[in-house]
Amino acid sequence: MKRVRLGAQGLEVSALGLGCMGMSEFYGAANKGEAIATIRHALDLGVTLLDTADMYGPFTNERLVGKAIGARRDEVQLATKFGNERREDGSWVGINGRPEYVRSACDASLERLGVDVIDLYYQHRVDATVPIEETVGAMAELVKAGKVRYLGLSEAAPATIRCAHAVHPITALQTEYSLWTRDVETEILPTVRELGIGFVAYSPLGRGFLSAQIRSPEDLKEGDFRANNPRFQEGNIESNLELVDRVAEIAVEKKVTPAQLALAWVLAQGADIVPIPGTTKASHLEQNLKALEIELTSDDLSRIEQAFPRGLTAGKRYPDMSTVNR
């Protein structure tokens, strides 16, 4: 497994990580045993960056990841997040970046994960009611206390990133990035590259849509949050399928799957970008990892650009974009 430096602060991770969110929530019912087996298989194959958050479940995903890691803690770069506050019953409290909450959330995550230190601790969403300097100041205290090694932000705007980085070095920014979500190319990527901050691409397969396996809203399981996503709904899904099918034709020519081609495209955007596709199945994990073997030529990239031009995706990426810092 190829390893890369994520940011300029010394963190090294596998070139492809594993997003664990769907193992507990959001994509319909998941099999806990199968999820744990998939995480352990990922470690066997050299995947070391595991991504979770306290809100996934809520709270159950951190426990699942901690159980899966077990005695193999030293093989893992463990990333988790705080800031989307939920109750045990799953109800939503709100975005919370208050310093006292940062400290209590970290302690709770450490306990659920069963570890002494978190490798990469993200603010999941920016709290517009709390100055970012105060939130990151509290996060920096966690580093000094030895509870966290590196700091990250998720879905933060360029100005927020700069202010945060001035308080304490930010190692990574995690934001959605794929063929159908390319907003970051305008300002976000130039900003993090200027500052020496690594980029972690979540949903690099467009929440599974770029696999070309989802053809209609009826293909989604009961309880799948994508059913409420504008891009999957009638009126948008038809236009998006046309774009995906064009990319799928290129994948057939290259004798790879559409998902592998979509992942290879993200990987080709820079060595400082680490995608974290999520899956609950070991077989899908193995297929995703084969994207690391795909070499895209300049001609390939040009053809993909023509097939799926930036900005043509139909629909917003969330029903409510108000929580995304802009």
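Here are some numbered notes on this structure, which is a predicted model.

1. Let's start with the greasy middle. The largest nonpolar core has 83 residues, and helix α8 (residues 258-267) gives the largest share of this core, with 8 residues. As background, nonpolar side chains tend to be buried together in soluble globular proteins.

2. What does leucine 50 touch, not counting residues up to four places away in sequence? The list is Leu18, Ile39, Leu43, Val65, Ile69, Val76, Gln77, Leu78 and Ala79.

3. Now the aromatic rings. The model holds 9 aromatic pairs. One of them joins phenylalanine 209 and phenylalanine 232 edge-to-face, with 5.4 Å centre to centre and 85° between the planes. Both residues lie in the loop between β11 (198-202) and α7 (237-254), so the pair ties together parts that are 23 residues apart in sequence. Are these two buried or exposed? Phenylalanine 209 is buried, at 0% relative accessible area, and phenylalanine 232 is buried too, at 2%. Elsewhere, ring pairs link Phe26, Tyr27, Tyr56 and Phe225 into a cluster.

4. The charged end of arginine 207 sits over the ring of tyrosine 318, 4.8 Å from the ring centre. Likewise, arginine 231 places its charged end over the ring of tryptophan 180, 5.0 Å from the centre.

5. Which side chain makes a polar contact with the side chain of aspartate 300? That would be lysine 254, at 3.0 Å. Leaving aside neighbours within four places in sequence, aspartate 300 is in contact with Lys254 and Glu295.

6. Next, the cysteines. A disulfide is a covalent bond between the sulfur atoms of two cysteines. How many disulfides are counted here? The count is 0. Take cysteine 20: the nearest cysteine sulfur belongs to cysteine 106 and is 18 Å away. The cut-off for a disulfide is 2.5 Å, so cysteine 20 is in no disulfide. Cysteine 20 is buried, with a relative accessible area of 0%, whereas cysteine 163 counts as partly exposed at 32%.

7. Last, a few spots where the backbone is worth checking. Most residues other than glycine have a negative phi, and most peptide bonds are trans. The peptide bond from glycine 57 to proline 58 is cis, with omega near -5°, and proline 58 is found in the loop between β4 (49-51) and α2 (60-69). Phenylalanine 59, in the loop between β4 and α2, has a positive phi of about 75° and counts as buried at 12% relative accessibility. Lysine 255 also has a positive phi, about 60°, although it is not a glycine. This lysine 255 lies in the loop between α7 and α8 and is exposed, with a relative accessible area of 78%.

Conventions: Residues numbered from 1 in each chain as written. Predicted model: local features only at pLDDT ≥ 70, side-chain atom pairs only at ≥ 80, totals over all residues. Heavy atoms only, no water. Polar contact = N/O pair within 3.5 Å; in protein donor to acceptor, adjacent residues only side chain to side chain. Contact = heavy atoms within 4.5 Å. Core = buried A, V, L, I, M, F, W, Y, C linked by side-chain atoms within 4.5 Å. Buried < 20%, exposed > 50% of the residue type's maximum accessible area, 1.4 Å probe, protein only. Helix = DSSP H or I, 4+ residues; strand = E, 2+ residues; numbered from the N terminus. Phe/Tyr/Trp six-rings, centres within 6.5 Å; stacked < 30°, edge-to-face > 60°. Lys NZ or Arg CZ within 6 Å of the ring centre and 35° of its normal.
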